[in-house]
Amino acid sequence: MTRKLYYEDSHLAVFTATVISCARAETGYEVILDRTAFFPGGGGQAPDTGMLGLARVTGAKERDGEVIHFTDKPLTEGAVVEGRLNWNQRHRRMQNHSGEHLLSGVIHQRFGYENVGFHMGEDCVTVDYSGELTAGQIYEVELECNLAIGKNVPVRCEFPDRNTLNAMDYRSKKELSGDVRIVTVEGYDVCACCAPHVSRTGEIGMVKLLTWTRHRGGTRITMVCGMDAWEDDCARCANLTSISNLLSVKPLEASRAVARLWKEHEALKQKLKEANRKLTEQKIKELRPTQGNLLFFEPDLDMLCLRDLINAAMEQCSGIAAGFSGGDGEGYHYILGSKTVDLRAKAKEINAAIDGKGGGSAEMIQGTANADEATIRACFET
């Protein structure tokens, strides 16, 4: 059975071990060592990656007490190799996972809610809780987590004996058997978990709750911790600075400036809508009976105005009234109408000619086209 060094020292990033076996796999090789610091995944945390000698470790899993390392090169059985974890990846995962334990412990203490779902992605951690939380409560638990980080309390990982375990009050999402590993964030949480964790809360660095939404009668929270939280904060600050520079305001005034700009934008949209309506009415007044097709390129008309124009134009022409909104390079939205041509029957032919897709009724079809204006004109100006 593999000696699991990650349980003895979660901060061990470099170690030596003897190769017990190396077998060819579907992709690469499966290597078993006499001991390893590579965590094979579990408790919602992904397996470690890194190097074994010159072989790249792309992942790991546990099988019957042995840790199987997946490598891109074979290793010699009996050889002593140096293992190197991708420490930046491992440590960030430890920060996020320990931060999640801290958050779940605080929420459980304050509100009695259970952690009913947990996913640790590469960009953030998602946690589902069994009860609903308000924005004010979210702020409170985030604050308490960061105060706990400042206190730098111990995080202990242990395998208590059965009698001790039976007397403990700990969180767990499922019934457990065999040796149970308990992770204790002193004063905040006691939870069963098999993953590596930090040694003290100060190492978590920071807990930042990014979003929270109602989910299946409870609350879904996305969060980041430690270096991931720092990088997220840097990105948000850079984004805010860029916005404030564009608006020529101080960063903390950007929200009010955007709200003001949005209000002006909505007012301009209404003015443009009214102008388009009047323009459409004028174009409709200028329509005259026409033999054949009528073709309109109206880049600024919205689809409602374009439909009004086509409804009127199809009454004035003996062929197809065709309206296109958009431009070359960005593509077009189209509406076609006719009193004499079965457009549903011709939709496939028309779409093939203008590199489009769409459909509708015998009298009217609509869709999108990727052809340029010249190609579209050649199709309808007959």
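Modeller: Happy to. A residue is called buried when its relative accessible area is under 20%, and exposed when that value is over 50%. Keep in mind that we are looking at a predicted model.

Biologist: With that cut-off, is serine 10 buried or exposed?

Modeller: Serine 10 has a relative accessibility of 11%, so serine 10 counts as buried. In the chain as a whole, buried residues make up 42% of the 382 residues.

Biologist: Where is serine 10 placed?

Modeller: Look in the loop between helix H1 (5–8) and strand E2 (14–24).

Biologist: And which residues does serine 10 touch, leaving out those up to four places away in sequence?

Modeller: Trp87, Arg90, Met94, Pro196 and His197. There is also a polar contact of 3.1 Å between the side chains of serine 10 and histidine 11.

Biologist: Now the bigger picture. How many helices and strands does the chain have?

Modeller: Nine helices and 20 strands. The chain is more spread out than a compact globule, because its radius of gyration is 32 Å, well over the 21 Å that the globule rule gives for 382 residues. Along the principal axes, the C-alpha atoms fill a box of roughly 95 × 55 × 40 Å.

Biologist: What about contacts across the sequence?

Modeller: Take the contacts between residues at least 6 apart in sequence: 59% of them join residues at least 24 apart.

Biologist: And how far apart are the mean positions of the positive and negative charges?

Modeller: They lie 3 Å apart, for 45 positive and 53 negative charges.

Technical notes: Residues numbered from 1 in each chain as written. Predicted model: local features only at pLDDT ≥ 70, side-chain atom pairs only at ≥ 80, totals over all residues. Heavy atoms only, no water. Helix = DSSP H or I, 4+ residues; strand = E, 2+ residues; numbered from the N terminus. Rg over C-alpha atoms; globule rule 2.2 N^0.38 Å. Buried < 20%, exposed > 50% of the residue type's maximum accessible area, 1.4 Å probe, protein only. Contact = heavy atoms within 4.5 Å. Lys, Arg positive; Asp, Glu negative; His and termini not counted. Charge placed at Lys NZ, Arg CZ, Asp CG, Glu CD. Polar contact = N/O pair within 3.5 Å; in protein donor to acceptor, adjacent residues only side chain to side chain.
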